[in-house]
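Hi,

Here is the structure I said I would pass on. Have a look at it first, and then read my notes below.

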Amino acid sequence: MNESGKLERIPEVPGFPFIGNALEMNLDFPLSSFLGFADKHGEIFRLRFPGRDVVLVTTQALVHELSDESRFEKSVGAALLEVRNGTNDGIFTAFPGEASWAPAHRILMPAFGPVPIQGMFSEMHEIAGQLALKWARHGPDTPIIATEDFTRLTLDTLALCSMNFRFNSYYHDELHPFVAAMGDFLKMCGTRSTVPYILQLLGRKSRLKYWDDIRILRETAEEVLRARKANPTDRRDLLSAMLDGVDRVTGTKLSDASIVDNLITFLIAGHETTSGLLGFAFYQMLKKPEVYCKAQQEVDDIVGTRPLKVEHMKQLPYISAILRETLRMCPTIPVYTVQPKNDDILAGKYPVKKGQKIMLVLARSQVDPAVFGETANDFIPERMLDENFERLSKEFPDFWKPFGNGTRGCIGRGFAWQEATLVMAMLLQNFNFSLHDPSYQLQIKQTLTTKPKDFYIRAALRHGMTPTDLTNSLGGHQLPIGASKAGSSMTVTTSKPETHSEMKPMSIYYGSNTSTCETLAQRLAADASAHGFQATVVDPLDAAKRNLPKDRPVIMITASYEGQPPDNAAMFFNWMENLKENELDGVSFAVFGCGHQDWARTFHRVPKLIDEKAYAHGGTRICKLGLTDASQGEILTDFEQWEDDVFWPAMGDIYGISPESADGESHLAPSLDVQFSAPRASTLGQDVKEAVVVRAHTTTKAGAAVPKKHLEIQLPGDQTYKAGDYLAVLPVNPKETVARALRRFQLGWGSSITIKSDGRTTLPVNIPIQVNEVLGSYVELAQPATKRSILALIAASCDSDSATRDHLQSLLSSPETFTASVTLKRLSLLDLLESNPSISLPFGSFLALLPPMRVRMYSISSSPLWNPHNVTLTYSILDGSPSLTNPHASQRRIGVATSYLSSLEPGDRLTVSVRQGHAAFHLPLDVEKIPIIMIAAGAGVAPFRGFVQERAAQVGGGRKLAPAILFFGCRGPAVDDLYREEFDKWEKIGAVQVRRAFSRQGGVEEGRGCKRVGDRLWYDRDDVYELWQHGAKVFVCGSREVCDGVKRVLIRMAIEEKGRLCGMNTTSTEGGGEPTSEEKALAWLESIRNSRYAVDAFD
């Protein structure tokens, strides 16, 4: 009962008459629906479906209570009732008290004891070896669909070890029909459990397929049984236990029908869950490089290069911790159902009737912030090491339930654990792994179990091994003497052909989240041929982990994000941090790095560390480290200057190769052969997919100085998001800008061209394509010109036109002049060509000088609790005055991406991708206890609209949330008070308090005379202090100017309010202590960045 002693009704999710919540279920991924309901409605709620209802619980405390077998028992829920059509009263689907369950359980349990499972090790090792050899023969450049191969592995292992039956899955291109039938059968069981019976009758085709799948499953099991009966054996395994076992209580044996039922049960449950576990474990490790490296190091320390033995399985505690943590975060059976044995009361206040179906949502209860705090969704295997695991189990009983509960728990747990440990150890011992797509975010495929969807990896053999060496090693022979020491750097032999045999090879690796450094890598590769080199490899840095070549120069180009490496360089960076001795002896390298000076404490940390570590551990520097500051807007210029003045001269000195031309013509851009007469995303190397515009409208009033728009987009079917994430958009250049380029080169809008290039390019080659498509979709026309591109224009100028040459040369007279005249005014290559019509630059050279089109990142301004399939964007339209340096043109300065987005109408298609936001810039997990303070101006309110929209949905679902305040700055209530009606509605229900500041209408009473959002923050500082005392998190989003202004206010609050904000003073008297110094306040603010203070600033 509650505090007043009264019972409470279980909250019910609103639904429709007769069908209840059936139409709200995602039939492809039911778990996502359950989790969405849980986020909105909290720890317990009821769903209704035709003819039945189910209660769902989502916290550790309720799961613990429901695990009491004296009060609750396993329930064969709706989905398992459908599974019974295929397995009847098998050990997994038998009803509570059903007579067949206990004898079968007693007969089968001994087959899964510790000694029999250890006896299966050699056969497990054999199948794991088949997997390893397949991956070795694929080679390091082949994408591997990991979950499919893990499914082959676990099916073959279970069949061989428990039944002496070989599916031989690695010897066929197609999986055994049993696998496809089983997957379709399980998925249809889930679907049928939520679809009204009348609709099932209407789906004749799917109904027939369901029963045909059952036929295949039973025929396969019957085949296994017939084979054993036809060929009796003394082998003691699961099948022999079923055939020969006699129940010690009843004296009965299992019938053939019962054996078939249980064979299907074990083939389904035993291989689906373990394959999912392995897939999830590898995903989590590859997203956490420090975890991956610790796991691999444990295998190296315990096993080394020796053959794996069964005794090693108990000597790998960190591998076990990874498996536990994986099953905590990604339980392969994410829900199971129990029922009360009698009428009962849950949590002391919720009455439940005998037989009520109660679903335990492990996918939520196992990440309960009451147990794990704000790190509940972080992958931290250390908390699952034996001592910590035992402590958590005592403090929070039943916090970890992936194998079910009590007497009806999984009897094959030991089998699955040994198999998973063996496979993890073997693969980490012999391979280095990387994500095929470093930006991949976990997607889940669900039948009744779950596993990663579209999860591709790449595997490179370690220790200098060949597939033949691996064959010998798996056969019991230690690695040959000539193989390199574990963990050392190897020479890479590339399979990519060289187009010019006289050119020297070089390898280029990049780390990039926003494609900037990838663009620089492609630019360097394109320039290489002019200097006598060919870039045979241009790959993410993770591909170079433990594989830096020694037979060619290596160039590494990487960004640094708040001191952390990009997603596709995290594995490499972790390896570099832990190099040993002279591990890079023989590697010749150069490093170029990007960073942003606003992150002063970690400015260029990643490229600097890579450069220092490579040199300290035996590498040879080709040239000094190159660096650029993104805040100055001259990344391409700085990179090209480093190339021309530092890198290529050093390469010439070391390798004795001079550029193809040493005269003035060397500044003329490398040209593409364009003959006038691919899909864009793949050609540009961008991981984006097609989406559809649903709605578009302007959110500001007419006449607003900076119009702002709202765009609703239906995501590609396989993409999901969270409030606080980004949407990457691949834009198209404005038609006006494309038309300018066509006029300058006297080309028709529909002219067709064919591009040919001997080197690397991100343009579509060897296919006819319209020139306007190339100019619109593949290149950046509005980027500021670089020094190299201006030199190319000088080289292309007529000798007689000294005025043009002098003017262009003057732009390069000093770095200050270049910045003031070109960068700050965003003077593009096209601008210069228009204002200097005498320049005769070939169109192919023009294309070659332009950077490739890149994605733009926008904060998502919606919540998946509003719509999990759609996102909204809120953005300002950039539309400025003409360049003062281009008097011959009257073109406006048009924002490429914003003009593109503003041109879209409902039904239009665009290419996008959801990108995960910074981990710190998301709502706290414990929304009921942790307050939030949001600070924004203008379009910076975008992520906070998503935050508040999510909180409003949770309030509507009956949850009681901690307070939230939004400080918002705009020009005035009649101009750009964005989403006013929505925020007013959300404020009325208690989802947020909004405090506004009006820069142009400061007299409006609501703004309290505050013109800037920082002013309002100071005005309401007592409220801020109050929430801060209760553990509030502060989020800031807006322009760099806005974020810096807020930072100054927070420092002022820390200083002038005697440390009330940061609590630094310990000697304060009644009147308060001495004011905190500015230096200490700044240090305090930096110390809580990304824990209680998160900033998302845009330029």
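Leaving aside residues up to four places away in sequence, Ser631 touches His596 and Gln597 (contact means heavy atoms within 4.5 Å). The C-alpha atoms of Ser631 and His596 are separated by 5.6 Å, although the two are 35 residues apart along the chain. Ser631 is found in the loop between strand E18 (626–629) and helix H23 (635–655); helices (H or I, at least four residues) and strands (E, at least two) are DSSP runs, numbered from the N terminus. With 27% relative accessibility, Ser631 counts as partly exposed (buried is under 20% relative accessible area, exposed over 50%, partly exposed in between, with a 1.4 Å probe and protein chains only).

Before you go further: this is a predicted model, where local features need pLDDT of at least 70 and side-chain atom pairs count only at pLDDT 80 or more, while totals for chains, interfaces and linings use all residues. Residues are numbered from 1 along each chain as its sequence is written, and side-chain values use heavy atoms, with hydrogens and water left out.

Now the sheets. E3 pairs with strand E5 (residues 335–340) in the antiparallel sense over three bridges, and Lys74 stands opposite Val338 in E5.

Elsewhere, strand E13 (residues 504–511) and E14 pair in the parallel sense over seven bridges, with Phe533 in E14 as the bridge partner of Lys504. The chain gets from E13 to E14 through helix H20 (residues 516–528), and this β-α-β crossover is right-handed (with the strands pointing away from the viewer, the path from the first strand over the helix to the second runs clockwise). Strand E14 (residues 533–540) is mostly covered, with eight of its eight residues buried.

On to the aromatics. A search of the whole structure finds 40 aromatic pairs (rings of Phe, Tyr and Trp, its six-membered ring, pair if their centres lie within 6.5 Å; planes under 30 degrees apart count as stacked, over 60 as edge-to-face and the rest as tilted). Phe389 and Trp400 have ring centres 5.2 Å apart and planes at 90°, so the pair is edge-to-face. Phe389 lies in helix H17 (residues 386–395) and Trp400 in the loop between H17 and helix H18 (413–430), so the pair ties together parts that are eleven residues apart in sequence. Phe389 is buried at 13% relative accessible area, and Trp400 is buried at 9%. Phe533 turns up again in one aromatic cluster with Phe592, Phe639, Trp642, Phe647, Trp648 and Tyr655.

Cheers

How values were computed:
Two strands pair if DSSP finds at least two bridges between them.
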